Amino acid sequence: MFSETIELRGHIIDSLILPKVLDQILTHGANFKIGEITIGQKRADQSFARIEVSAETNDALDELILRLRQHGAEVAERADAQLALAPTDGVFPPEFYVMTNQQTFVRIDGKEIEVRPTMMDTAIAVDRKGRAARAVKFFDVHKGDEIVIGHQGVRVVPVQRVTSRTDIFQFINTIIDSDEPKSAIIRELAEELRRARKGKGKIAVVAGPAIVRTGAGQHLVRLIEADYVDRLFAGNPFAGYDVERALFGTSLGISVDAAFARGGRENVMRAVNTIRQAGSVAAAVEKNLVTSGIMHACVRNNVDVVLTGSIRDEGSLPGATTDAIEGQKLLREKLIRHSLAVVSMLAPTVKIVCVDIDASAVERVVEQQPLQSIGMVTDVEPFLRELADCLSESKLSQ
């Protein structure tokens with residue numbers, strides 16, 4: 001048997017870190033022996049565990065330790081990270097370390113460096129002279145860049161539960177199904193938005209076409225006008241359908257009362273053409289060609305809008321990024337630190353609310369940020385309506 005000693009620190013009990021680590025060990029057919037464990041006596045106290053992990057082969061142990069590191073496990077015997085040169089532009093060296101979206105540190109010359117930004121599905125490039133480490137995608141890496149390989153010298157710090165107060169984002173069950181009451185959660189979310197605005201935090205909305213097509217756009221407009229949206233991320237069709245509704249009263253040829261309207265599916269093409277002729281959505285708003293809708297509200301309230309295109313678009317609006325790689329770079333820049341793509345770029349401290357009628361889509365988002373996400377399986381129109389109502393009521397009571 002091959003063995004390695006790991007250590008866990010922090011709120012490893014109430015954040016379910018210890019159970020997850022032990023489950024990983026057993027799931028992979030390995031064994032463990034808890035050599036030392038200290039459990040915090042009060043809510044704010046941290047805990048500590050030292051565990052000897054053993055497996056049948058060295059390769060199996062190495063693979064397991066890599067998985068345990070994703071949950072915050074540290075190898076007791078600390079060593080520097082191993083580095084290898086990128087063989088050519090756009091190619092990582094073999095055995096490169098694949099990052100998660102958790103806070104990550106690498107040990108270089110005996111000192112730890114935090115990797116910035118934190119991003120899933122990336123490698124780690126190290127600048128020894130600048131004492132810096134950064135997450136890099138394939139298109140970011142250049143020949144000769146020093147890339148971390150293996151998992152030695154890498155430390156991951158998982159998000160842990162808040163101990164100072166109750167946080168709805170950290171409930172054990174953070175997915176509210178379609179048959180569960182949602183009003184209490186929506187009221188709590190409204191309070192979170194108020195706290196974010198008072199604390200000078202940024203609020204981003206990742207919007208799909210369903211917001212326009214279900215008639216929920218009017219409620220998003222209310223949030224924008226109340227200053228609860230700083231950035232809007234959406235696909236090109238979202239903006240196209242919104243402008244179509246503003247110009248023709250339809251979305252993909254269907255009016256608000258679900259009746260097919262004159263012009264039908266041609267309307268979205270005519271809407272896009274109007275914007276292209278004006279030069280931009282902002283120009284169309286200034287010329288009073290577009291006088292309502294979400295895009296109109298964004299222009300009037302200085303909301304930063306990022307639009308990306310796809311091969312299915314009826315027509316690209318001016319300002320929409322049609323190059324997939326450039327679109328990804330732009331999203332990363334604006335986020336700094338549509339839904340799943342954005343979630344994979346977010347730091348683990350960013351709070352996420354995912355609303356979708358598709359339960360599987362909600363589950364995929366929440367599982368990536370389990371301690372910072374709330375998922376609601378519901379139609380977006382009643383959700384946005386009630387959220388906007390809650391925020392309007394609080395404003396009237398102030």
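Over the ring of which residue does the charged end of arginine 155 sit?

## Basis of the model

The charged end of arginine 155 sits over the ring of phenylalanine 105, 4.7 Å from its centre, where a charge counts as over a ring if NZ of Lys or CZ of Arg is within 6 Å of the ring centre and within 35 degrees of the ring normal. This is a predicted model, in which local features need pLDDT of at least 70 and side-chain atom pairs count only at pLDDT 80 or more, while totals for chains, interfaces and linings use all residues. Residues are numbered from 1 along each chain as its sequence is written, and side-chain values use heavy atoms, with hydrogens and water left out.

An open sheet of 4 strands runs in the order β2-β3-β1-β4 with antiparallel pairing; strands pair if DSSP finds at least two bridges between them, and the elements themselves are DSSP runs numbered from the N terminus (helices H or I, at least four residues; strands E, at least two). Because β2 (31-38) and β4 (74-75) stand at the edges with a single partner strand each, one side of each is left without a neighbour in the sheet. The antiparallel pairing of β2 with β3 (residues 47-55) extends over 7 bridges, and asparagine 31 stands opposite serine 54 in β3.

Helix α1 (residues 17-27) lies across β1 (2-10), β2 and β3 and runs at about 160° to β2, the angle being taken from 0 to 180 degrees between N-to-C directions of axes fitted to C-alpha atoms, for helices over the stretch in contact. Helix α2 (residues 58-69) also packs on the sheet, where it touches β1, β3 and β4, and its direction makes about 5° with that of β1.

## Nonpolar cores

The largest nonpolar core has 51 residues, and those with the most contacts inside it are Ile211, Leu220, Leu223, Leu232, Phe238, Ile294 and Leu387; such a core is a set of buried Ala, Val, Leu, Ile, Met, Phe, Trp, Tyr and Cys residues joined through side-chain atoms within 4.5 Å. Helix α13 (residues 380-397) supplies the largest share of this core, 7 residues. Apart from it lies another core, of 19 residues, which includes Ile17, Val21, Ala30 and Leu68.

Val205 and Ala207 form the covered face of strand β13 (residues 204-207), while Ala204 and Val206 form the uncovered one. In a regular strand the side chains alternate between the two faces of the sheet. β13 pairs with β14 (residues 231-235) in the parallel sense over 4 bridges, with alanine 204 opposite arginine 231 in β14.

## Aromatic residues

Phenylalanine 92 and phenylalanine 96 form a tilted aromatic pair, 4.7 Å centre to centre with 50° between the planes; rings of Phe, Tyr and Trp (its six-membered ring) pair if their centres lie within 6.5 Å, and planes under 30 degrees apart count as stacked, over 60 as edge-to-face and the rest as tilted. Phenylalanine 92 is buried at 8% relative accessible area, whereas phenylalanine 96 is partly exposed at 28% (buried is under 20%, exposed over 50%, partly exposed in between, with a 1.4 Å probe and protein chains only). Phe92, Phe96 and Phe138 form one aromatic cluster.

Threonine 378 lies in the loop between β19 (373-377) and α13 and counts as buried at 15% relative accessibility. Beyond its neighbours within four places in sequence, threonine 378 is in contact with Lys182, Val355, Asp356, Ile357 and Phe383. Glutamate 381, in helix α13, is buried with a relative accessible area of 14%.

Definitions and conventions: Contact = heavy atoms within 4.5 Å.
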